[in-house]
Amino acid sequence: MRIAVAGGTGLVGRQTVKALRRSGHDAVVIARSVGIDLTTGHGLAAALLGVDAVIDVINTPTVDPAEAREFFATTTRQLLAAEHSASVKHHVVLSIVAVDQVEGNGHYAGKRAQERAALDGPVPATIVRATQFFDFAAMVVGWTQRGQVATVPPLLVQPVAVADVAEVLIEVAAGEPQEGIRELAGPELQDLVDMARRTLAAQRTSLQLIPSWRGPFGVEMAGEVLLPGPGAQIAPTTFETWLAAQAVDGGQEPVQVAVDSDSTPPPILREPAGDAVTTGVDVDANGLRLRSDGAGCRLAVQEEGSGRPLAPTGIYSVAVQVRHLDRSLAFYRDLLGLRLQHQEGQMAQLHGYGDTAPSLVLLEVGGHAPRLGGGSGLVRVAWRVDKQADLDLAEQLLQREGLTYQRRREEGLDIVDTRDPDRTHVLLVWLSPDAVADDRLPPRLHGWE
């Protein structure tokens, strides 16, 4: 079958697209990053040509009830109108178990509007309500983390693996429309606070967790409210199985980073012996001065003994070894907003922020391949963004995907600090106009490495 996935670049969408292709289906990605805007309908008609079914897994970071209702109702109407014109036979919506029992949550209000629009629309529809994902605990930590402390509500949940959700969505889409609601849950009951502790331990992250109802989830979700009904389909993957995979992927050391320059050869990165050995290679990455010292990447402001900033040396790309290209591509492109320039085989090249920014080259080497050159590589990659709105959007998307990050402000700086799927530190940095006046950068940059 030819099946379109609305929101095909998000957390569930990526898994669904991959599962469709593994199953031999023809998958069509519907997302703004591929030129299709669901809020306006732009590009939908062409995308839906010959499509048999649509799986809708779109999402929004807004928590305002009115905005959420407007978003989900508008995008669903746009989708259904285009599907009807294209003679699509089945519309499948991913929703949430107990979405009709929780009144105080803005996101749930939006999902209820989405369900109503789908069931009342011109295309036969099936609603699949799933319980919280295994990733949900880390997502809540990301939303509430302040410094080294995060608050997590003591929710009773029966969480499910995203991969299992994707398989069920495909099974439903390939079948006859039910024109109603079915539920999907994982195999075990879990306490969200305990899930958060175990997830952070698997990812080798240390935080203080405080059980609390003061946050995005109120006491209306206490007790058994979020649990599925007796007729729910039970997915096979356990939380323990999912955690084991997180420990494998999340516990890796930072991957090797090589630097490509049009005027300076790449430095030879070496394991440090005692004190780090400085290679003497100074480069410029979109306004942030970098120094590679074999043990990592150090941002510097001035040459020693001079009052002038370091001169750029012509860096035009940074190549990063990754273990899963599609996973890293989704992170840098769909979450951080870098533009995809070229993709071929196990390589993808993306462009940074602004016309003078270096590009990022992702090189897939597989989950068990040795690091390039055997060195420790750069441990942090930073991009300067042109406006604070870029940071706001990145923060919203990281929250939506449940990824751990820190948003902090220092003298003249606004920073989003996160890790890519291979645990390499990635920073987006906005410099205030005052900080870059007179060709100076804030002295605080001296301490970064």
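These legends go with several close-up views of one predicted model.

A few ground rules: this is a predicted model, where local features need pLDDT of at least 70, side-chain atom pairs count only at pLDDT 80 or more, and totals for chains, interfaces and linings use all residues. Residues are numbered from 1 along each chain as its sequence is written, and side-chain values use heavy atoms, with hydrogens and water left out.

**View 1. Here is an open sheet of seven strands.** The strands line up in the order β2-β1-β3-β4-β5-β8-β11, with parallel pairing. Zoom in on β4 (residues 90-96) and β5: they pair in the parallel sense over six bridges. Ser 95 has Arg 129, in β5, as its bridge partner.

**View 2. Helix α6 lies across strands of the sheet.** This helix covers residues 162-174 and lies across β1 (2-6), β3 (53-56), β4, β5, β8 (181-185) and β11. The helix runs at about 150 degrees to β4. (Axes are lines fitted to C-alpha atoms, for helices over the stretch in contact, and angles run from 0 to 180 degrees between N-to-C directions; contact means heavy atoms within 4.5 Å.)

**View 3. Meet the largest nonpolar core, with 31 residues.** (A nonpolar core is a set of buried Ala, Val, Leu, Ile, Met, Phe, Trp, Tyr and Cys residues joined through side-chain atoms within 4.5 Å. Buried means under 20% relative accessible area, exposed over 50%, and partly exposed in between, using a 1.4 Å probe and protein chains only.) Val 152, Leu 192 and Leu 226 touch the most other members. Two or more residues come from each of α5 (136-144), β6 (149-152), α7 (192-202) and α8 (239-250), and α7 gives the largest share, six residues.

**View 4. Lys 18 and Asp 326 form a salt bridge.** (A salt bridge is a side-chain nitrogen of Lys or Arg within 4 Å of a carboxyl oxygen of Asp or Glu.) Their closest N and O atoms are 3.3 Å apart. Asp 326 sits in helix α9 (residues 325-335) and Lys 18 in helix α1 (residues 11-22), so the pair ties together parts 308 residues apart in sequence. Asp 326 is partly exposed at 40% relative accessible area, and Lys 18 is partly exposed too, at 35%.

**View 5. Glu 115 and Arg 129 meet in a salt bridge, 2.8 Å from N to O.** Glu 115 belongs to helix α4 (residues 106-119) and Arg 129 to strand β5 (residues 125-130), 14 residues apart. Both residues are buried.

**View 6. Asp 135 is buried yet has no salt bridge.** You'll find Asp 135 in the loop between β5 and α5. The nearest side chain of opposite charge, Arg 14, is 8.0 Å away. (Lys and Arg count as positive, Asp and Glu as negative; His and the chain ends are not counted.) Leaving out residues up to four places away in sequence, Asp 135 touches Leu 11, Val 162 and Trp 242.

How values were computed:
Helices (H or I, at least four residues) and strands (E, at least two) are DSSP runs, numbered from the N terminus. Two strands pair if DSSP finds at least two bridges between them.
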